[in-house]
Amino acid sequence: MSGLIYWLDMAGVIVFALSGVILACRSRMDPFGMLVLAAVTGIGGGTLRDLVLGVRPVFWVTDPTYLWVILATVGLSIISFHYIHRLNRGFLPVADAFGLALFTVIGTHKALLLDAPGVVAVLMGVLTGVAGGMIRDLLAHRVPMVLRQEIYATAAIAGGITYVVLDALSSPGTLTVALALLVTLSLRLGAIYWALALPIFAWVTIAPSPPSGDESGEKGSAPLEEGRAKVRVRMIRPETSKRRPKKP
């Protein structure tokens, strides 16, 4: 089980580092910028997780293999820069989805090994999965995926809960890992393919109603709010939150 988790961790570092390299290429960064984005994406979430859990030193200090893997990923990416630059724009979200699923499982597993409560383990899985991507996007002057309407952190939460529940039921380790990965990856890839998003809450301004006359001829007073714009908080569905072109 420990060997499986270790290789999944390495796979997550490679995938997330590659997503950092792709974003650096699109942001026209130099090789050092590529290395920085690859590193913060690959080990940023795990570093914050270890600091929160009180693990000293953090994982990549005790095992520098993670750093060598990031360097190798960046080096190979520079050699094949022409092919990476031509990748479809949909590749970055898909690669990020695989990294999210892998790191969510890794973070949840490590928190449970340290006897953390289930809710804390889920949060550590989410932190491991989303923190590196958040730092990457901020350095590239992009709105982080986790802060958009897309189903992102929700997928990590679902995967973390799946892992915690199956672990509490004493399910086989391989089955627990596989199902947690499947839940996270299915939700994230489904959200990408079908453009699924959570509803948003926003301030909306309600136009004032026209003044109403008294048909009976009797003296009547209109409500005090009549003729004034009102501000309310409304839940907006994802499909109506984006502007659509008007039909001719």
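I started with V233: it is partly exposed, because its relative accessible area is 48% (buried is under 20%, exposed over 50%, partly exposed in between, with a 1.4 Å probe and protein chains only). V233 sits in strand β2; strands are DSSP runs of E, at least two residues, and helices are runs of H or I, at least four, numbered from the N terminus.

A caution for myself: this is a predicted model, where local features need pLDDT of at least 70 and side-chain atom pairs need 80 or more, while totals for chains, interfaces and linings use all residues. Numbering runs from 1 along each chain as its sequence is written, and side-chain values use heavy atoms, leaving out hydrogens and water.

Next I checked V177. V177 belongs to helix α9 (residues 173-194), and I note it as buried because its relative accessibility is 2%.

Then I turned to a pocket. Which residues line the second largest pocket? I listed S2, I5, Y6, D9, R49, F59, Y66, I106, H109, K110 and L113. Helices α1 (2-26) and α6 (91-113) each give two or more residues to that lining. For the term, I used an open set of points on a 1 Å grid over the protein atoms alone, where a 1.4 Å probe fits, with protein on both sides within 12 Å along at least five of seven lines; lining residues have an atom within 4 Å of a point.
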